[in-house]
Amino acid sequence: MKKLLILAGLLGTCLVNAHAENRVTWTDKADIPTLDPYAFASTQALAFQNHIYEGLVEWDENYKIAPALATSWQQVDEQTIQFTLREGVRFHNGNAFDADDVVASIERVIHKDSGIRGNASSVTGATKISDYEVALTTVPYSPMVLNELTGILMMDLEWMVENGALAPSSMSNGTESYATNNTNGTGPFKLVSRRRDAGMTLVVNDDWWNSADKQHNIDRIDFKPIVSDATRLAGLISGEFSLTTDVPLQDIPRLERQNNIEVMIQPSMRVDFITLNMSDSLIASNTFNENPLQDVRVRQALMHAINRDLIVEKIMRKMTSVSNAYISPLIAGYNAANDIALDYNPEKAKQLLAEAGYPDGFNLAFDCVQGAYLNAEQWCAAVQSFWARVGVNADLNMHTRSTYSVIRDQGKTDIGVLGWANLPLVDAYSITQQLIHSKDGAIFGAFNIPNYKNAIVDEYIEQGVRELDEAKRIGLMESALQLTQQDLPYIPMHYEPVVWVASANLDVPQTSDSVVRLWRAAVK
Amino acid sequence: MFVFLLKRAAQAIGIVLVVAFLSFVMFQFVGDPIEGMISENATQQERDELRESLGLNDGVIVQYTRFVKNMAQGNFGISYYNKSDVLSLIIERLPATLELVFVAVVISLVVGILLGVWSAYSRNGLMKNTVQILSLVGVSLPSFVAGILLIVVFSVWLKWLPSHGRGEIVEFGYWSSGLLTLSGLKAVLLPAISLSLFMITMIMRLLKSEIQETMRADYIRFAKARGISERSIKYKHVLKNSILPVVTIIGLQVGGLIAFAVVTETIFQWPGMGLLFIQAVNYVDIPVISAYLVIVAIMFVVINTFVDLIYLLVDPRIKVS
């Protein structure tokens, strides 16, 4: 029996090889913890799941909303959007996709145990109108519904009922959902095997609704998580892997010398910030009690003191560019006219500090994080030494991600670091709501680490989050960002670089949101 | 015998309670799990709700009591990061780690004992010195360096052996084995060698000095005087009396290898418990960390009980007490 099986296996491999299969081996630092699209809010997990599942709408190459499982939509009133669904779409198990699936998916995503509820905050429910029409109810006047829907992938009602997966895994009840390790989507690839931390295999879905117009020619994707950087690089060099989005900067020159692989680098949408504590007192002790960072001249001086070009050149190895705004130019709400113009000028910095009454500088507590942003430990140290030259003494401490987040959230530091990409919304809505609006303990200011508060800015943001007129809304966000950038609660450093390495025969579009979309890739 | 095992079981329960308590005290310092669980766009309100529903606002004692209560019912909870049952996560990875450690122990026993005996009896000074020096390298080379070296030589240059993973595996219910397929055997070789380097050296050096010590004992001299063959003295009498400390050391080491194969598993992407543990520490996955520590503690007790039983077999003078 065993021999027979082995023979069958060999025969199988031969048959597959006869087709000259186009295979992509995609490796990353971490495994996708769960395949349940509503369980874990990470860009990486969503990117992988998106090969199997699809949303009602998706991003096109230019970050515009494009139809996917919905063909059209219409705002009916201030809290209802009506969607017309694509007909003839089938899930991987053969079930038809219709309005019932959308309603069940929306209910599941806003379930109390859903891990991505925060990515669907404007959605309140869905009702079926006909088999291919759904009315989505939302928070009144919410402009972000479509952006949020790009990340809400559709699941199959019948399949969820059959397998008892109508609710996501619940940590408080201790129940695990069937969808954690099993999938049934409508997407371009289907899952054939999964072993946690060892790998997953996807094969092309020949019954994909978009097969006739598909851009890719991939037959099989092997996803392999490789934790150790050295092992991952060895595999890339030996040709075992064909794609990775996780490369340590110091290894790039070595990889660039290889002929069989291509290194792709570009700035991402993520801006890395230094945050300045603007509350009434400092954490560090000084001879005075007031907080010098409350004076805008001091904040400007701190920015003047940093040579960001040198940091980009030496520490980031010229792989990105300095950012003079709080958001990437690709994101709605950016206006080049409002860019911050505070170049490296230590003399000016000293002068501003003297004008503010601190000619001899002061002490600051500076806490930086390892492993969250590329080379952060090095550019934090650089910032510390630049400030030392103008007399500001920052006491720098490095932390792991999880301990840093406690310090940051409890406001136990004067200077922190933070990267913000405005994903998955691709809209300044995210930064204005989370970083800039003053903390209200509820929906605004969860990441307002500086404790920044400007009533006019708050007003603009509150108007913006309930404005359906796109032009007006963008105008409001621009004004809010303009005022904030003048107030300077954050110092923008640079865009976090996106580094991908692909084998020379794989043509994969690199995007500034660092999301791998293999259905737009081709094997040469 | 029965009383002995009963005593050990009681000890195990005590140890588990202490380990669990220490781990809960430690959780106060490892950071905030919420960060890794929730989307950047989640509001403060959603964060507070999640924290409350996970019971993170309760005191250490309350959280500890809850954990012990659930553990007594065999329930270790749901992993914060993997969103799946912790016990099944650990059981899924247990075979990988145990097989890796098993192969590593076999390699180190075979190689270590052969080298130890050889270097104790050999008269070839040059060879002996070379082996001694090499063994020093084996002890002092950190396992991540040795691992990467093995990968570069055997995977990248020679392309003989895979650099990561377990190869093809065969499943039997809860157990999964990679030792039955060729690709599985090839895959286990590099990580097992890198894990065994230290133990090979230790066994070799220990055995050599024990043998040299025993050779000087009175009864060996008497045996020689009685005209017992050299061969019988060397491989029966001396070896048997020199192997006891090796058994002790192996016993202590196996527990350590299972618990701390972390580095080797990380380098070779070996999907075992160490890899799971590292991930859990990174994401402050409290249910996984606490369950892992408890299970490892139980394993230590079990292994040490076995070692005590093996003593009885090797040395009949020892009595159960």
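Predicted model: local features only at pLDDT ≥ 70, side-chain atom pairs only at ≥ 80, totals over all residues.

Colleague: What makes A:Asp229 and A:Arg232 a salt bridge?

Modeller: The closest N and O atoms of A:Asp229 and A:Arg232 are 2.5 Å apart, and since the definition asks for a side-chain nitrogen within 4 Å of a carboxyl oxygen, the pair forms a salt bridge. The two residues are three apart in helix H6 (residues 229–237) of chain A, so about one helical turn separates them.

Colleague: How do you know whether A:Arg232 is buried or exposed?

Modeller: A:Arg232 has 1% relative accessibility, and because buried means under 20%, A:Arg232 counts as buried.

Colleague: Why is the contact of A:Arg23 with A:Asp222 called a salt bridge, and which parts does the pair tie together?

Modeller: The closest N and O atoms of A:Arg23 and A:Asp222 are 2.9 Å apart, which is within the 4 Å limit, and the pair therefore forms a salt bridge. A:Arg23 lies in strand S1 (residues 23–28) and A:Asp222 in strand S10 (residues 220–225), both of chain A, so the pair ties together parts that are 199 residues apart in sequence.

Colleague: What makes A:Asp222 buried?

Modeller: The relative accessible area of A:Asp222 is 6%, and as the cut-off for buried is under 20%, A:Asp222 is buried.

Methods: Residues numbered from 1 in each chain as written. Chains lettered and ligands numbered in written order. Heavy atoms only, no water. Helix = DSSP H or I, 4+ residues; strand = E, 2+ residues; numbered from the N terminus. Buried < 20%, exposed > 50% of the residue type's maximum accessible area, 1.4 Å probe, protein only.
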